[in-house]
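Please look at the chain below.

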Amino acid sequence: RKCQHVTAEAFASLVNDKEVHNAQLLIVGARYIRPHEIEYIDKVKSTLAKGNVMERATILDIHAEVLKFYMAADVVLVPSKNEVLPLVIAEAQAFQKPVIASNIDGLPEAIDDGQEGLLVPPEDAVALRDAIYK
């Protein structure tokens with residue numbers, strides 16, 4: 001539901017098609033507990049590898065202390081396909097980081113499109129890539 005595979009696809013396209021060669025991707029909160037979670041993260045890694053950008057990506061498990069990740073971020077991505085209102089948006093805004101999120105459920109209530117961030121159609125890697133590129 002978090003659509004990290006869409007993020008991986010958008011990131012590979014950003015590096016390869018838009019030639020953003022200094023881009024780095026950090027995914028925090030990957031779960032490696034249940035078999036379907038492990039398979040999903042393997043799918044994300046495979047997408048990154050196919051795009052030849054695995055060396056530019058870091059995938060981390062859940063962390064309680066997130067301040068350092070927000071401080072390192074230029075933008076926070078929330079490309080979920082279903083969410084009510086994830087805490088990550090409020091945290092990113094508290095640290096004055098722009099948010100690019102799916103235009104679903106309650107997310108448009110938290111993000112004024114074009115002000116605090118950008119809203120993109122769910123599961124649309126090209127729209128996500130283009131929003132990051134802006």
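Beyond its neighbours within four places in sequence, Val44 is in contact (heavy atoms within 4.5 Å) with Gln4, His5, Ala8, Ile27 and Ile59. This is a predicted model, in which local features need pLDDT of at least 70, side-chain atom pairs count only at pLDDT 80 or more, and totals for chains, interfaces and linings use all residues. Residues are numbered from 1 along each chain as its sequence is written, and side-chain values use heavy atoms, with hydrogens and water left out.

**Nonpolar cores**

- A nonpolar core is a set of buried Ala, Val, Leu, Ile, Met, Phe, Trp, Tyr and Cys residues joined through side-chain atoms within 4.5 Å; buried means under 20% relative accessible area, exposed over 50%, and partly exposed in between, with a 1.4 Å probe and protein chains only.
- The largest nonpolar core has 16 residues, of which Phe11, Ala23, Leu25, Val44, Leu48, Val53 and Ile59 touch the most other members.
- At least two residues of this core come from each of α1, β1, α2 and β2 (57–60); helices (H or I, at least four residues) and strands (E, at least two) are DSSP runs numbered from the N terminus.
- The largest share of this core, 5 residues, is supplied by α1.
- A second, separate core has 12 residues, among them Val76, Ile89, Ile111 and Leu119.

**Helix α1**

- Helix α1 covers residues 4–16, and its 13 residues reach 18 Å from first C-alpha to last, close to the 18 Å expected at 1.5 Å a residue; the expected span is 1.5 Å times one less than the number of residues.
- Of the 13 residues in α1, 11 are buried, including Gln4, His5, Ala8 and Phe11.
- These buried residues pack against β1 (25–28), α2 (35–50), β3 (76–78) and α6 (125–133).

**Strands β1 and β2**

- β1 and β2 pair in the parallel sense over 4 bridges; two strands pair if DSSP finds at least two bridges between them.
- Val28 stands opposite Leu60 in β2.
- From β1 the chain crosses through α2 to β2 in a right-handed β-α-β crossover; right-handed means that, with the strands pointing away from the viewer, the path from the first strand over the helix to the second runs clockwise.

- Three strands form an open sheet in the order β3-β4-β5, with parallel pairing.
- β3 and β5 (117–120) are at the edges with a single partner strand each, so one side of each has no neighbour in the sheet.
- Neighbouring strands of this sheet are turned by 15° against each other on average, direction ignored.
- The parallel pairing of β4 and β5 has 4 bridges, and Ala101 has Leu119 in β5 as its bridge partner.
- α6 lies across β3, β4 and β5 and runs at about 165° to β5; axes are lines fitted to C-alpha atoms, for helices over the stretch in contact, and angles run from 0 to 180 degrees between N-to-C directions.

**Loop residues**

- Most residues other than glycine have a negative phi.
- Asn52, in the loop between α2 and β2, has a positive phi near 55° and is exposed, with a relative accessible area of 58%.
- Glu123, in the loop between β5 and α6, has a positive phi of about 60° and is partly exposed at 48%.
- Gln96 lies in the loop between α4 (87–94) and β4 (99–102) and counts as exposed because its relative accessibility is 72%.
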